[in-house]
Amino acid sequence: MTTLLSDTERADALVSLPNWRICDGRNAIERVYEFRNFNEAFAFMTSVALYAEKIDHHPEWRNVYRTVEVTLTSHDCDGVTERDIRLARFMDRAAS
């Protein structure tokens, strides 16, 4: 089991993830990605899905055309852990 990040640890981690924010009303982080078209959005999601499966940590997400909305939280801990931060960093690299 992974350990929850403290509020300070979570805030410190978000400094290096400037496009992510803390979700209102829950211990999770979220971000919206905008791509040029559906194919780019889908390619991003495919890349993330392969990585998420590899690390056994899966995002909550929603895709509409070229927009991908993502929420990350560790359900087994009911909050943000290092796994979420690691996946957020991967997602930012995959989107660039």
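1. Strands β3 and β4 form a hairpin with 2 residues between them, and Tyr65 in the turn has a positive phi of about 50°. Strands here are DSSP runs of type E of at least two residues, and helices are DSSP runs of type H or I of at least four residues, both numbered from the N terminus. The model is predicted, with local features requiring pLDDT of at least 70 and side-chain atom pairs counting only at pLDDT 80 or more, while totals for chains, interfaces and linings use all residues. Residues are numbered from 1 along each chain as its sequence is written, and side-chain values use heavy atoms, with hydrogens and water left out.

2. The pairing of β3 with β4 is antiparallel and extends over 5 bridges, where two strands count as paired if DSSP finds at least two bridges between them. Within this pairing, Arg62 stands opposite Glu69 of β4. Strand β4 is also joined to β2 by 6 bridges, again in the antiparallel sense, and the partner of Arg31 in β4 is Val70.

3. Because 5 of the 6 residues of β4 (residues 67-72) are buried, this strand is largely enclosed by the rest of the structure. Buried means under 20% relative accessible area, exposed means over 50%, and partly exposed lies in between, using a 1.4 Å probe and protein chains only.

4. The structure holds 9 salt bridges, each defined as a side-chain nitrogen of Lys or Arg within 4 Å of a carboxyl oxygen of Asp or Glu. One of them joins Arg31 and Asp92, at 2.5 Å from N to O. Since Arg31 lies in strand β2 and Asp92 in helix α3 (residues 82-95), the pair ties together parts that are 61 residues apart in sequence. Both Arg31 and Asp92 are buried.

5. A salt bridge also links Arg26 and Glu60, whose closest N and O atoms are 2.9 Å apart. Arg26 lies in the loop between β1 (21-22) and β2 (29-34) and Glu60 in strand β3 (residues 60-64), so this pair ties together parts that are 34 residues apart in sequence. Arg26 is partly exposed at 37% relative accessible area, and Glu60 is likewise partly exposed at 27%.

6. Glu82 and Arg89 form a salt bridge with the closest N and O atoms 3.8 Å apart; Glu82 is partly exposed at 42% relative accessibility, and Arg89 is partly exposed at 32%.

7. Arg83, found in helix α3, is buried with a relative accessible area of 15%. Leaving aside neighbours within four places in sequence, Arg83 is in contact (heavy atoms within 4.5 Å) with Thr2, Asp56, His57, Ser74 and Asp76.
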